[in-house]
Amino acid sequence: MDQYVGLDVSLKDTTISIRQGGRRIWRGKCPSDPKAVAQTIRKHAAQPQKVIFESGPLATWFFHALTEEGLPAICIEARHAQKILSETLNKTDANDADGLAHLAEAGFYKAVRVKSFGAMRIRTLIAARAQLLNMTTQLTNQIRGFMKTFGLIVPKGTGRVFDCHVRKLVADDGQLAQIILPLLDVWLELRKRAARLSQHLLATARQSSAMKLLMTIPGIGAITAISYVAAVEHPDNFRNSRAVGAWLGLTTRRYQSGEVDYDGHISRRGDRRLRGLLYEAATALLTRTSSETENRLKAWGLHLRQRLGFKRAAVAVARKLAVIMHTMLKTGERFNPMAGSPA
């Protein structure tokens, strides 16, 4: 008979539940290592039909490792699973594993696409760069705030200008300099590390024909292009281009019950960082006035801005950009500024 396995994965241990013929036949724990999990599963289930677990920090590692071990691993959406698992009276790892195995047996789950390690490395590069830039900004504000207490107002400026202003202001106060200069040294080192990651990111973008293709769109830079390619990976992962907008949470949510039927705000599901980058690209496209940015997509967005306001128009243009970028990856064609109404 068919056997179904549910895994409740944590950092230390993984709880395993195996069902067959509508009942649980085994449940136990093992260390959270895919090889150990695979050995335990084979010991109690010779040929499992499905091995499911929730999306989480270890999901990418578990999915690829279990797949290499020959197991039919399936990663399911955690939010969808939790709505069902929360109905149990007692919240335990064992009960969660039982519930996941039950979902596998019933087929009532929503599978998610697990990205490759290559795509995850690019996403890690982007996230690490963003983190360093955020730390730099926070440290800049912290230094300005400390110096204001002593009546030392740092003039506007970034980079070397900011560094020179700070050093000049604390030159006459040795005690304050002993506090501020170490922070300034850390600030300089963070900027150097962020610059190196930026160079690495740009070099990666230049080596990819797909990323260079997307950068032919006005407003789309290297960071947005590389983020989009890493998220989508392959155009065939989506049934059509329109599905990308919904996947990124850029489509409105609908509520219909009886005589009530209305569209609300966008769902904000999916990749928040990529959604923000597309919004920034849409903003740049709508606000820049150079001749290079003139195209029918911009004209459509500006017309929409007159009716709905700037923010809603920017969101709509961001969704159009997501659709157009997917179509470009699928066809291999460059952006045509005079093309017909965007799909």
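## Helix packing

Helix α5 (residues 117-148) packs against helix α9 (residues 222-232) at an angle of about 145°, with the axes 9 Å apart. Axes are lines fitted to C-alpha atoms, for helices over the stretch in contact, and angles run from 0 to 180 degrees between N-to-C directions. Helices (H or I, at least four residues) and strands (E, at least two) are DSSP runs, numbered from the N terminus. In α5, Ala119, Ile122, Arg123, Ile126 and Arg129 meet Ile223, Ile226, Ser227, Ala230 and Ala231 of α9. Contact means heavy atoms within 4.5 Å.

## Basis

This is a predicted model: local features need pLDDT of at least 70, side-chain atom pairs count only at pLDDT 80 or more, and totals for chains, interfaces and linings use all residues. Residues are numbered from 1 along each chain as its sequence is written, and side-chain values use heavy atoms, leaving out hydrogens and water.

## Salt bridges

The whole structure holds 14 salt bridges (a side-chain nitrogen of Lys or Arg within 4 Å of a carboxyl oxygen of Asp or Glu). Arg24 pairs with Asp98, the closest N and O atoms being 2.9 Å apart. Arg24 sits in strand β3 (residues 23-31) and Asp98 in helix α4 (residues 93-106), 74 residues apart. Asp98 is buried at 15% relative accessibility (buried means under 20% relative accessible area, exposed over 50%, partly exposed in between; 1.4 Å probe, protein chains only). Arg24 is partly exposed at 41%.

Arg167 forms a salt bridge with Asp163, closest N and O atoms 3.0 Å apart. Both lie in helix α6 (residues 160-170), four residues apart. Asp185 also forms a salt bridge with Arg167, at 3.5 Å.
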